[in-house]
Amino acid sequence: MVKLEPVDAVEVTLVVDNYVDVLMAGDEGVRRFPLAYDSWSDREQLVAEHGFSALVTVELGGRRSSILYDGGMTPKGLGNNLEVMEVDPTGLRAIVISHGHVDHHGGLEGLAARTGRRRLPLLIHPGAWRERKITFATGAELHLPPPSRADLEAEGLEVVEERGPTLLVDGRVLV
């Protein structure tokens, strides 16, 4: 049995997604990153791209700890959105890759250099290294690159392969 430690609050921030609407209003419990009306042309804005990335932050006794769940498709998309959202990646405690599709790990290139931390744990299922492809009705194939262990380790990440439930952030996040 896995024992998950309680927390005071959990915050999930979507960093990269297939869609962004900077004009959509927030709501109770939902904070939006709106268009900067006074300087919209002078400031970077959120970008949408195929893929996914979320910042998961847990709070206990006023102390906040975050993990990055997936990295989106491109370093530019992930880096831009973290900057626009004013997320400091140096506070990350771990990175999790949900699966081996490039739109979930492609944005991690260069992230470790921006964190200023070495040996940041990166949790990944062993099946994520498999080669993947899409075969179209015409017979054409599109090969999708899996993550590269060597590249991730060169980024200074400590690759942790796990098939089962894993606790992170002092037993407060269950993957």
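Ser65 is found in strand E3, which spans residues 63-69; helices (H or I, at least four residues) and strands (E, at least two) are DSSP runs, numbered from the N terminus. The model is a predicted one, in which local features need pLDDT of at least 70 and side-chain atom pairs count only at pLDDT 80 or more, whereas totals for chains, interfaces and linings use all residues. Residues are numbered from 1 along each chain as its sequence is written, and side-chain values use heavy atoms, with hydrogens and water left out.

With a relative accessible area of 7%, Ser65 is buried (under 20% relative accessible area, where exposed is over 50% and partly exposed lies in between; 1.4 Å probe, protein chains only). A polar contact of 3.2 Å joins the side chain of Ser65 to the side chain of Arg93. Such a contact is a pair of N or O atoms within 3.5 Å; within protein, one must be able to donate a hydrogen and the other to accept it, and residues adjacent in sequence count only if both atoms are side-chain atoms. When neighbours within four places in sequence are left aside, Ser65 is in contact (heavy atoms within 4.5 Å) with Val56, Thr57, Val58, Arg93 and Val169.

Val169, one of these partners of Ser65, lies in the loop between strand E9 (167-168) and strand E10 (173-174). Val169 is buried, at a relative accessible area of 8%, and has a positive phi of about 50 degrees although it is not a glycine.

A positive phi, of about 75 degrees, is also found at Asp70, likewise not a glycine. Asp70 is located in the loop between E3 and helix H1 (75-84) and is buried, its relative accessible area being 1%.
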